[in-house]
Structure formats: structure tokens, C-alpha cells
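Let's take a walk through this complex together, chain by chain. Have a look at the sequence and the 3D view first, then read on.

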Amino acid sequence: METSYLLHAEAGGGVSSPSPVIDSSDKVEIKKDFNSKNHVKARIIKDIFFKSTVILFAFLSLLPLIFILYYITKNGIAVINWEFLTQLPRPIGETGGGIFNAIMGTLMLIVLSSIFSIPFGISAGIYLSEKGEGKIAHIVRLCVVVLQGTPSIVIGIIVYIWVVAPFGGFSALSGGIALSIMMLPVIIKTTEETLKLMPYSLKEASLALGVPYYKTILKVILPTGLSGILTGILLSVARITGETAPLLFTAFGNQFMNYNILKPIDSLPYRIFYYAMSPYPEWHTFAWGASFILVVVVLGFNLIARGISIKWKVQF
Amino acid sequence: MESPVLKVDGFSAYFGDNQVLKDINLSISNNLVTALMGPSGCGKTTLIRCVNRMHELIPGTKVSGKMYLRGDDIYELEPILLRRKIGMVFQKPNPFPMMSIYDNVIAGYKLNGIRLGKDEMDRIVEQSLKESALWNEVKDALHRKGTFLSGGQQQRLCIARALAMNPEILLLDEPTSALDPKSTAHIEELIVELKKNVTMLLVTHNIAQAARVSDFTAFIYLGDLVEFGPTEKMFTVPRDKRTEEYLTGKFG
Amino acid sequence: MKSETIFNRTIYLSALTVVVLLIAIFLTLLLASMPSIKTFGAGFFIGKTWDTASQKFGALPFLAGTLLTSFIALFISIPFSISISLFLGEYFKGGPVSAFLRSSIEVLAGIPSVIYGLWGLFLLMPMMRFIEVKVGVPPHGVGIMTSSLILTIMIIPFSASIGREVITLVPSDLKEAAYSLGATRFEVIKNIIIPYARSGMIAGILLALGRAIGETMAVTMLIGNSNFLPTSIFSPANTMASVIANEFAEATGVTASSLIYIGIVLFLVTMLVNIVGTYIIKKVSLEASKEVT
């Protein structure tokens, strides 16, 4: 040990000889008074001031949230009653009525879009996590990013051209397709991320038992990652439940009850938009009521998603 | 004997309810290298972090007892003023990657909002890099980012950055643990050289390193200062059985 | 065929569907906007008139509307989102206050656009009208400024969460080095954290911009649906997204094609912004993970 140190020391000495020792008296004298109490105090005050500003601005950003939740609750709860939830809208001039069609419409749209997007999304997510390094996987990932960032109104146009125009009219089906395109990237991403977290040993254990590869994925990996995938699905549902723009030229709206997927269908966000933009104060109160329900539903989905990801988290 | 640069007086430290340093007493004089040695987790790093109050960055730490820097109570000074007077070099070389070599050396002044003239800065940079034996290797690349430097060079850059502030004490927290043997030798050589100008406190878990570079050694075990004295004496005739066991590799 | 093969083909085809879908979206938009592209060409973007009656279409008013609302919103949002990022990523990393702020920001992000629009109509609009009277401009209440304010609220959670992420990526040994030289926390933030996290924060701002450009409903409800070039930041206007929302359902022929022309521009711009932003963030987090090892 000692000898090797000496060898190194000699070898090192050639590369960069330590500089001649500098006498302390040669030291650069800094005449500036940065040791002075005032300089230090000024810096501390600046530090405290900055921190206070950060805290202030951070909490100021919550002000709109408080206002929005307050108004939705205050104006919304006042309208909500059994009739509001179970009756159909009535023409202007008649009091009462409700938004039953919009609630049912939103439910139908969620079901339709889930049917289209979940199988594709999970399947593509499996591809990305399993064959994630290839060139195609990189292109797919890029497309997922682009799709997620595509403005919802553009999706509305697309589905109008693809579905509404050929079928000759607005329909629940077209709305479901538009929303499923919006769900797809979220499901793919969360599925990929969840499955990537699965330890390789899990797969090995199954393969070692002679279980074929596809069965290992479907019967071992997928069920283990179920909570993550479910979280992703719920988050994507939460995302599309409040979407209005892609429905404007697809599902449109319908003030009557409709269960036919080839006919226009109402939805909560569309009803809010329609009522909000109307000139009638009574409809405005209905918009608040519908908003309250929509917020509760959307936040509910988010909350359940979060609950699942915490409670069911598989620990490794 | 002149007054000690650093005096530690009945000092204890706690992480939550866990006492990591127990009633430490130390006195360190000018221009000496003192090694703090002990198995990992013994509290040696905590001790030097308490010297420049870096432990306060981690919530939940408490200390009791006193420390004096040239007679001033460390815990009565403003931390930012104290830290300016005490240099620190870390386990992993950590030059600021977004700054040039030049700016790295002068970083202490920039960070502290001290405006210096171009001339003053040039002199400080040159002098600090010479002191840390890096000048010859980087003098033509001062305005390049330091990321192309080797690990050992980066660590010497960090030493230069600390020296630029003209510290009373330089704290070295296992400065060679992330380096290859050759760079390690280089740094050790540098430490011996620097002793002429600055007092150093070197944390190491490497017994041979303590033997090679230090004048005094403190052996810390489970938060206790077991033994403190001249390195030569401790390595030849340790007083405490635990020190002997540690030096002969019976544990740790 | 073997089940194994079927499985592999299925996942491969599903993944490929995404690519095909995106290409199909682009080609559809291109094809459908062709009549308008042929008629108006690049002059479309400097044309100031949007008139269905005379079939003259220029998108400058909407381009201006989108740029004005997005950039004003971005500008106002920056101090707020940086503050939240620093609050959550540096000052208060854990603890109940931080958790509260974080969940509140998530709730803010989860509120549907149409509800922001509703709230804006009944609260922001009267407030704006009041301000406009004070300033001495026609009190429309709706317009570019109103839309910008609602956009500000909508993009804050977005850029703040990216900002928080990139700030937590700053290696703690760099911060420690700065503290050991005697820096205050503010000095560490200003000289170490912000410069280190800068590219990531820029990416966050870029992605927020993408959001703002594409945002439709709240803006449609608050911008005043005017197809004239805005004369002030209080003018009623239309953004690229809002003019589509307002007119597409009833549009035919060249009108529809021109709206789709706007749509394809919207699609390409947000695509570019998203790819660049995501690329920067990926690079930043890759570098940070290298630092750790």
C-alpha cells in the first residue's frame, strides 16, 4: 500500500507539478466589505423576501380554485333535487325539468369510448413495454405524444369527416369515437409505464414454469399491473368526461332522451355549454347545477384513480 | 500554544431521537490536517457537517454543546457568513455543470453577491487553481465548461472553488472515495501541500489515507470520540482497545 | 396459427394503429383543406377578411387572437407557476401544506374547460366589464383579455407540475456545494437551481403554450366571437380553435375547407410544440439520471 502510494505520487508529479507554495501574504486581499453586517443582513432580507413572494404567489394561484368551487357549490346545490336528476329538459317558459338526458348521455359516451379505446390502448401499451426498444416503438411513442397534445377541436373535425358526414348526421357513435381517440394516449402511456415497473424476475418465474410467453403476459404480468392500468383508464375517463369541444360536431346535443347510438345524444358538458350561452337566467342556474354534477363526477374519477393506485399498489 | 482554529466543546448531535454524536471534545490548531476516521455511520461526516452547519439543511436535526471558530461561537454566527469562512469538499466531485471552470472557481463570490473587478477575479482564479495544482492543466480552457475534466481534476476544481474564498478551515468529506487510485494519490499529495496555508479536517474511512496525510487523527466509533492524538502515536501505540481493533481491521 | 403469433401480431397491430391513426388524421385534414389551400395559398395567413357571404377567407384575425391570448396567458402565468414549482420542489418538499397545495393544483387541472367558461361568463366577465369602464374602452366584458385570464388559470397547473419535476431533478450535491460556499437559499435558487433547471422549465412553458393554443371551450365562451382583427387587448375576437368551434357545424364548401385549413395549422403547431417540449424534458431527465449514477 505504502509503496504503491509513492509510485503514484511520483507518476502524478510529472503531470502537474504542485505549484510553488504561495505565501499567505501574497493572498489577494478583498477589500470589499462582504463580511460586513450590512451586506449579510441585506442578503438575508432578500432571501426572506423572495421566499415570502414564492409562498404568496403559490397561494394566490389557489384563489381561482376556491372561487370556482365556491360558486359551483353555491349555485349548483341550489338547483339540484330529484327532479333535476331524473327529468328531461323542458322548453323555455315552462319551469322545472332536469338534465336526465345529459347524465345518461355522458354515461353512454363513457361506455362507448371505453369499448373502443381500452382494448387498443392496453394492447399497444403491452407492445411498448415488451418491445420498447425498437424503431417502431419509438415512432409509436412519438405518435402517442402528438396524439395527446392534439387539440380536441381538431379531433372533432376529424371524426366529423370520418363518421358524421358518411353516416349523414350527428350521432352518439361519432361522439364515442372522438372521445376514444382522446383516451387512447393516456391508456397506452399508463399501461406501458405500469408494465415496465414489473420486475423481470416475475416474468422469469412464469417462463421457467413452462408457461408460454403470451400467457405469461396475459395471466401473470397484466393481472399484477391491473391497479396501474385501471388507474390509467379512470384518469382517461376523467379527462374525457368533461370534454366538450370534440362533441360539438359529433354527438352534438339532444334535449330528448335517446338510446340509439346512431342518433345525436346529449352530454353534461354540452348541456352546460348550451345553457351557459343561452340568454335565460333559469337555464343559467341549470348550467351551474349540471356543472356541480360534472365536477363531482370528474373529481370522483380522479379520486378513485388515486385511491386505487395507493391502495392496490403492488409492492416489490 | 496559540488559540485553536476550531474548538469543539461537549458537542452532541441528534437525528430525531437518534443520537449520532455524543459529547465530542476536540481542539484543532493552525495548519494541521486532522483526520476523522471510523467505520461508516459512526458520525464522522455528521461532525464536519456540524462545523459549517450544513446539517441544518436537513430537517429534524438537533445539536447541543458548543463549537468555536477562532474563539467565535459557530452557532451564534449567521450560517451564510460562517460557511463562507469554512470551505467544504464533498465525496463526489460536484463542480457546477452549467458554469465554466473560471466561473466555478469564482462561484463563491458570485453566489454571495460580491462584485469583484476583472483583475481581482483573474488573480483569485489563477491563485486558487495554482494552489489546487490544476492551473497548468486548465489555464488554456478557463472559459470552457468543466465537464470534460477527469474525476480527479473535477475534485481539484472543487478544492480550488473552496480555496478561492480564503477559508479558515477546509472540510474534506471523503474527498477521494469516488476517485481512482492515481487521482487519489494526487489529491493526497495536494492535501499535504495545502497544509502550509490552510487547516484541514479530513473525513476518511481509509486507514492508510489517514496515516499518509494527517498530523492528528480522531477515531470516532458509534458517535463517541474514542481517541484523539498525533497520528503517528495513535497508529503505533493506540490507547484504546477499540482503536486498536479498528486499525488492525477487526471490524468496520 | 399459434396463439403466440396471434398475441404478438395483435399487440403489434394495436401499436401500429396509433401511427396509422395519426397519419390518417394528417392526411384527412390535408385533403379536406385542399380546396381552401388551393384558393388562398399562403396568403390565407395575412388575409384580414373572413366573410362567408363573399367567400373570402383570411385567417389573420384568428392567428392574432390565438397568439395574443396564448402569450398574454403565458406571461401572466409564469410568476405563479414558477412560485408553485419552487414551493413544491424546493421550499416545502414534503409535509401537509405541500400535499394540500399539490392536490389543489391537481383539482384545478381536473376541472373541465366548459366549467371554466361558465365561471368566466358569470364572474370574470362582469369584473372585466367594470375594469373596461374604468379604463375607458367599450365594456364588452368578453374579449382577448378575459380569455387570457381564464387561460392563465388553466395552464398554471400544467407548467407548475412540469416545473416542480425539473426542479426536483437538480442534484442535491450541487445545492450543497453552493450552500457550503455561504449562499443563501435565494442565491442557490437564482444561481444554481434555475440555471440548471432552465431547459426543463422552458420545455414546461412550451408545453403550456401548446395547451393554450389548442384550448377551445373556455375561450370560445369568453372571447366574443368576432371575426375582425382585434384592435386592442380588450377587443372581442376569435382564436383559431374558437372560430372552428363557432362555425364548423354549419359550414359547407370552401368555408368548411378554410376552417379545416385552420385546423391543420393548429394540429401542426401543437405537434411541433409537443415534440420539442417532450424531447427537451426527456433529455433533461436522462441527464439527471446519469448524474445520480
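Helices (H or I, at least four residues) and strands (E, at least two) are DSSP runs, numbered from the N terminus.

This is a predicted model, so to speak of local features a pLDDT of at least 70 is needed, side-chain atom pairs count only at pLDDT 80 or more, and totals for chains, interfaces and linings use all residues. Residues are numbered from 1 along each chain as its sequence is written, while chains are lettered from A and ligands numbered from 1 in the order in which they are written.

Chain C as a whole has a mean pLDDT of 94, with 99% of its residues at 70 or more. Chain B averages 92, and 98% of its residues score at least 70. Within chain B, confidence is lowest in helix 11 (residues 241-247) of chain B, with a mean of 90, and highest in helix 3 (residues 101-105) of chain B, at 96. For the complex, the predictor gives an ipTM of 0.94 and a pTM of 0.90.

## Chains A and C

Chain A has 13 helices and 0 strands. Chain C has 10 helices and 2 strands, and from the N terminus on its elements run α-β-β-α-α-α-α-α-α-α-α-α. Along the principal axes, the C-alpha atoms of chain C fill a box of roughly 75 × 70 × 30 Å.

A residue is buried if 20 or more other C-beta atoms lie within 10 Å of its own, exposed if 12 or fewer, and partly exposed in between, with C-beta atoms placed from the backbone. Two residues are in contact if their C-beta atoms, placed from the backbone, lie within 7 Å.

How many residues of chain A are in contact with chain C? There are 66 of them, and they meet 61 residues of chain C. On the chain A side, helix 2 (residues 37-60) of chain A gives the largest share, 11 residues. That side divides into 53 nonpolar, 9 polar and 4 charged residues. In this count, Ala, Val, Leu, Ile, Met, Phe, Trp, Tyr, Cys and Pro are nonpolar, Asp, Glu, Lys and Arg are charged, and the others, Gly among them, are polar.

## Two helices that cross

Two packed helices are described by the angle between their axes and the distance between the axes. In chain A, the axes of helix 7 (residues 152-167) of chain A and helix 8 (residues 172-196) of chain A come within 9 Å and cross at roughly 135°. That makes helix 7 of chain A oblique to helix 8 of chain A: angles under 35 degrees count as roughly parallel, over 145 as roughly antiparallel, 65 to 115 as roughly perpendicular and the rest as oblique. Axes are lines fitted to C-alpha atoms, for helices over the stretch in contact, and angles run from 0 to 180 degrees between N-to-C directions.

Who meets whom? From helix 7 of chain A come A:S152, A:I155, A:G156, A:V159, A:V163 and A:V164, and they meet A:L173, A:S174, A:I177, A:A178, A:I181 and A:M182 of helix 8 of chain A. These residues divide into 9 nonpolar, 3 polar and no charged.

## Some spots in chain B

Is helix 1 of chain B buried or exposed? 8 of its 8 residues are buried, so helix 1 of chain B is largely enclosed by the rest of the structure. After this helix comes B:R53, with a positive phi near 60°, although B:R53 is not a glycine. B:R53 sits in the loop between helix 1 (44-51) and strand 4 (61-69) of chain B, and is buried, with 22 other C-beta atoms within 10 Å.

B:A133 is not a glycine either, yet has a positive phi of about 60°. Its place is the loop between helix 5 (118-131) and helix 6 (135-138) of chain B, where B:A133 is buried, with 25 other C-beta atoms within 10 Å.

B:V226, in strand 10 (residues 224-230) of chain B, is partly exposed, with 19 other C-beta atoms within 10 Å.

Notes
pLDDT is the predictor's confidence in each residue, from 0 to 100.
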